[in-house]
Amino acid sequence: MSDEDQFYMREAIAEARIAEEIREVPIGAVIVRHGEIIGRGHNLRETLNDPTAHAEMIAIKKASERLNAWRLLDCTLYVTLEPCPMCAGAIVQARIGRVVYAASDKKAGCAGTLMNLLQEERFNHMAIVEAGVLQEECASMLTRFFRRLRGKL
């Protein structure tokens with residue numbers, strides 16, 4: 001785990017904390033290109049009543065707007081929770097070259113846990129995947145959130 005990966009994952013964690021402050025599931029994402037954050041996002045599903053308003057989707061949209069391009073070549077996506085099938089599909093479609101995630105998702109993870117859509121050879125694009133960067137911190141944040149939600153904290 002590089003210092004650079006930890007730095008940008010902390011930026012994704014900052015996005016997750018913003019989500020948590022507005023009572024959204026604390027998931028955050030940032031997209032980095034050539035050492036610069038070009039897209040940020042955090043969960044907004046409840047706020048927008050939009051099932052597609054995942055942190056990754058928002059970060060991808062912002063990065064694409066910033067570059068004025070749908071291809072996010074030479075970019076790395078940092079996200080606090082393993083991408084779901086929808087987000088993994090968007091990552092492939094956006095041609096993101098590398099994905100770094102913190103916590104695995106046993107219920108919906110499609111970057112290696114349930115399946116690996118990001119490295120599916122039959123697609124026209126595959127991403128490099130790095131898992132477990134600041135995993136404990138991100139997993140704890142999610143666990144605390146859901147315990148509070150269920151009144152167990």
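Biologist: How do the residues lining the largest pocket divide by class?
Modeller: The lining has 10 nonpolar, five polar and eight charged residues. Nonpolar covers Ala, Val, Leu, Ile, Met, Phe, Trp, Tyr, Cys and Pro; charged covers Asp, Glu, Lys and Arg; the others, Gly among them, are polar. Bear in mind that this is a predicted model: local features need pLDDT of at least 70, side-chain atom pairs count only at pLDDT 80 or more, and totals for chains, interfaces and linings use all residues. Residues are numbered from 1 along each chain as its sequence is written, and side-chain values use heavy atoms, with hydrogens and water left out.

Biologist: What volume does the largest pocket have?
Modeller: About 720 Å³. A pocket here is an open set of points on a 1 Å grid over the protein atoms alone, where a 1.4 Å probe fits, with protein on both sides within 12 Å along at least five of seven lines; lining residues have an atom within 4 Å of a point. The volume is the space filled by probe spheres set on the points, which are joined across faces, edges and corners.

Biologist: Which lining residues are closest to its centre?
Modeller: Leu81, Asp105, Lys107, Leu142 and Phe146, out of 23.

Biologist: Which element gives the most to that lining?
Modeller: H5, with six residues. Helices (H or I, at least four residues) and strands (E, at least two) are DSSP runs, numbered from the N terminus.

Biologist: How do H1 and H5 pack?
Modeller: H1 is residues 3-21 and H5 is residues 135-149; their angle is about 5 degrees and their axes are 11 Å apart. Axes are lines fitted to C-alpha atoms, for helices over the stretch in contact, and angles run from 0 to 180 degrees between N-to-C directions. H1 and H5 are therefore roughly parallel, a label for angles under 35 degrees.

Biologist: Which residues meet there?
Modeller: Arg10, Ile13, Ala16, Arg17 and Glu20 in H1 meet Glu137, Cys138, Met141, Arg144, Phe145 and Arg148 in H5. By class, that contact has five nonpolar, no polar and six charged residues.

Biologist: New topic. Where is glutamate 11, and what is it in contact with beyond its neighbours within four places in sequence?
Modeller: Glutamate 11 is in helix H1. Beyond those neighbours, glutamate 11 is in contact (heavy atoms within 4.5 Å) with Val30, Ile37 and Arg40.

Biologist: And the overall pattern along the sequence?
Modeller: α-β-β-α-α-β-α-β-β-α. That comes to five helices and five strands.

Conventions: Angles under 35 degrees count as roughly parallel, over 145 as roughly antiparallel, 65 to 115 as roughly perpendicular and the rest as oblique.
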